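Subject: Structure for you to look at

Hello,

Please find the structure below, followed by notes on what was found in it.

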Amino acid sequence: RRFINGLGAIDERITTIAQNINPKRTNAILGGETHILAGRARMRDRLLGCTFEISPTAFYQTNPEQTELLYQLAIDSAELEDGDTVLDTYCGSGTIGLCAAQGARTAGKRISLIGVEKNHFGVRDANRNAEVNDLHGISRFIEADATDYMQHAALRGQAADVIIMDPPRAGSTQAFVDAAAAMAPRRIVYISCNPKSQVRDVRAFARAGYAMTRLVPVDMFPHTDHIETVAVLEREAAR
C-alpha cells in the first residue's frame, strides 16, 4: 500500500496502477493475469481527434507527440478514397484504423474498417473505442492471429483496398505476405519498429508484386538508436 501511494504521489497524471503477472520465461513481457491496484481499469487519451480507452496490457504507443506524427504519416500515405475497405492488421486498440476512419469522415469520405488483433484486451478496447468515437457502424474488430486471419480471408476471396500493418519487432510472416498479395490491395502501409525485419518483409512483398514507393523514418525514441519507419508499398499493376 505504501508503494502504491508513493507511485500515485509522483505525478497526478498517473491514473491507473496495475500489476501484471508473467510466470513464463519467454521473450513475452506481459503475462495473462493483471490486477488493478489503484485507479480506473482503463486509461483515456486523445489522438488525432479521437478518444481512446486502453487497458493496461493492450498495446499503445508511449510517445504521444510523435505518435500523432507517425499515425498521420501512415494515414496520409494510405491515400484513402470514398468507399474504401481498409484492413488494419496487428491493430492493438484500434488506434490507427479508427483515426483513419475519423479523418476520412471529416473529409466527407466513408470507409469500411476491419481490424485484426490477437490480444483479447486489445480487441475489447478497440470495439469500445469505436463506440466512444461513434465509428462502430463502419468498423468491426476481430480477435485472431493476423496471419491466420489473412490466410482464411484470402481463401474466402475477401478483398481490401488498403492494408495497414504494424507488426511486433519480429515482423510479419511469408504466409501473411502471400495472403495480402492475394487480396490485391492497391496500397499497403507498413509501420515497423524494427528496420531489419521490415527489410525482410518488404523484399517478400516485392517478390509478390508490391514495390516500395516511399520510406520515412520517425524518431519515436529520442536519444536511442531505435526508430519507427513507415513504408508505402504499391501493387505493380496499379501503378
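How many aromatic pairs does the count come to? The rule is this: rings of Phe, Tyr and Trp (its six-membered ring) pair if their centres lie within 6.5 Å, and planes under 30 degrees apart count as stacked, over 60 as edge-to-face and the rest as tilted. By this rule the count is two.

Before the details, some conventions. This is a predicted model, in which local features need pLDDT of at least 70 and side-chain atom pairs count only at pLDDT 80 or more, while totals for chains, interfaces and linings use all residues. Residues are numbered from 1 along each chain as its sequence is written, and side-chain values use heavy atoms, with hydrogens and water left out.

Aromatic pairs

Tyr90 sits in the loop between strand 5 (85–89) and helix 3, and Phe176 in helix 6 (residues 174–183), so the pair links distant parts of the chain, 86 residues apart. Helices (H or I, at least four residues) and strands (E, at least two) are DSSP runs, numbered from the N terminus.Tyr90 counts as buried at 18% relative accessibility, and Phe176 is buried at 0%. Buried here means under 20% relative accessible area, exposed over 50%, and partly exposed in between (1.4 Å probe, protein chains only).

Phe205 and Tyr210 form an edge-to-face pair, with 6.4 Å centre to centre and 75° between the planes. Both are buried: Phe205 has a relative accessibility of 0% and Tyr210 one of 2%.

Cores

The largest nonpolar core has 36 residues. A nonpolar core is a set of buried Ala, Val, Leu, Ile, Met, Phe, Trp, Tyr and Cys residues joined through side-chain atoms within 4.5 Å. Those with the most contacts inside this core are Phe52, Leu70, Leu80, Leu98, Phe141, Ile164 and Ile191. Two or more residues come from each of strand 4 (50–54), helix 2 (64–78), helix 3 (95–106), helix 4 (120–132), strand 8 (162–165) and strand 9 (187–192). Apart from this core lies another, of 26 residues, including Tyr149, Val177, Ala204 and Phe205.

Leaving aside neighbours within four places in sequence, Leu80 is in contact (heavy atoms within 4.5 Å) with Val86, Ala100, Lys109, Ile111, Val162 and Arg186.

Seven strands form an open sheet with mixed pairing, in the order 7-6-5-8-9-11-10. Two strands pair if DSSP finds at least two bridges between them. Strand 7 (139–143) and strand 10 (210–218) are the edge strands, each pairing on one side only. From one strand to the next the twist averages 15°. Axes are lines fitted to C-alpha atoms, for helices over the stretch in contact, and angles run from 0 to 180 degrees between N-to-C directions.

Strand 8 and strand 9 run parallel and are joined by four bridges. Ile163 stands opposite Ile188 in strand 9. Helix 4 packs on the sheet, where it touches strand 6 (112–117) and strand 7, and its direction makes about 170° with that of strand 7.

Strand 5 pairs with strand 6 in the parallel sense over five bridges, and Thr85 stands opposite Ser112 in strand 6. Four of the five residues of strand 5 are buried.

Helix 6

In helix 6, the buried residues are Phe176, Val177, Ala179, Ala180, Ala181 and Met183. Their cover includes strand 5, helix 5 (146–155), strand 8, helix 7 (195–207) and strand 10. Just after helix 6, Ala184 takes a positive phi of about 55°.

Cysteines

The structure holds zero disulfides, a disulfide being a pair of cysteine sulfur atoms within 2.5 Å. For Cys50, the nearest cysteine sulfur is that of Cys99, 4.3 Å away. Both residues are buried, Cys50 at 0% relative accessibility and Cys99 at 3%.

Positive phi

Most residues other than glycine have a negative phi. Glu79, which is not a glycine, has a positive phi of about 50°. Glu79 lies in the loop between helix 2 and strand 5 and is partly exposed, with a relative accessible area of 47%. His223 has a phi near 70°, also a positive value in a residue other than glycine. The place of His223 is the loop between strand 10 and strand 11 (228–235), and His223 is exposed, with a relative accessible area of 86%.

Regards
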